[in-house]
Amino acid sequence: MKRHDLESMSVDQLWSLHQLVASMLAGKISAEKARLDERLRQLVEPDTAPANVKKMPHARRPYPQVLPKYINPLQPSETWAGRGKQARWLTAQLRSGKKLEDFQIRPSSHRKAARREFGGSLSQH
């Protein structure tokens with residue numbers, strides 16, 4: 001509708017046009033709201049979701065156990081795997097001047113080689 005058409009209309013005609021537009025807008029708004037409510041219900045209730053929508057896994061995947069790489073010689077039960085924030089006991093030992101290598105847990109093959117080299121048990125030396 002052109003601007004000059006509206007200017008030529010009477011107040012009664014403009015008022016009836018206003019009511020027509022308002023009722024059409026109300027219908028379209030309620031239809032859009034119903035469509036959005038249905039979409040929201042499908043997202044909240046996964047059982048009603050369409051078959052082509054993938055479901056999100058809720059459990060984390062299992063990670064392999066990380067073995068410790070460093071051990072506290074004063075408290076052998078305290079270990080650190082070398083991941084994340086350094087253990088407090090290790091931080092304190094490093095501040096006192098010791099080196100990280102001093103706390104490494106050696107594989108059993110290294111222990112056997114050291115025993116052969118020193119001729120017996122390491123605890124004797």
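Where is the place of L25? L25 sits in helix α2, residues 11-44. The model is predicted.

**Surface patch on the nonpolar side chains**
- V21, L25 and I29 make a nonpolar surface patch.
- The area of this patch is about 280 Å².

**Helix α3**
- Helix α3 spans residues 88-95, and its buried residues are W89, L90 and Q93.
- These three lie on the same side of α3, because they cover an arc of only 95° around the axis.
- R88 and R95 are exposed, on the face of α3 turned away from the buried side.
- The buried residues of α3 pack against two strands, β1 (70-71) and β2 (79-80).
- G97 follows α3. The phi of G97 is positive, near 110°.

**N72 in the β1-β2 loop**
- N72 is in the loop between β1 and β2.
- N72 counts as buried because its relative accessible area is 5%, under the 20% cut-off.
- Leaving out residues up to four places away in sequence, N72 touches E78, W89 and Q93.
- W89 and Q93 are among the buried residues of α3.
- The side chains of N72 and E78 make a polar contact at 2.6 Å.

Conventions
Residues are numbered from 1 along each chain as its sequence is written. This is a predicted model: local features need pLDDT of at least 70, side-chain atom pairs count only at pLDDT 80 or more; totals for chains, interfaces and linings use all residues. Side-chain values use heavy atoms; hydrogens and water are left out. Buried means under 20% relative accessible area, exposed over 50%, partly exposed in between (1.4 Å probe, protein chains only). Helices (H or I, at least four residues) and strands (E, at least two) are DSSP runs, numbered from the N terminus. The arc is that of the directions from the helix axis to the C-beta atoms. Contact means heavy atoms within 4.5 Å. Patches are made of residues with over 30% relative accessible area and no salt bridge: like charges are joined within 9 Å, nonpolar side chains (Val, Leu, Ile, Met, Phe, Trp, Tyr) within 5 Å. Accessible areas come from the Shrake-Rupley method with a 1.4 Å probe; for residues, only the protein chains shown count as cover. A salt bridge is a side-chain nitrogen of Lys or Arg within 4 Å of a carboxyl oxygen of Asp or Glu. A polar contact is a pair of N or O atoms within 3.5 Å; within protein, one must be able to donate a hydrogen and the other to accept it, and residues adjacent in sequence count only if both atoms are side-chain atoms.
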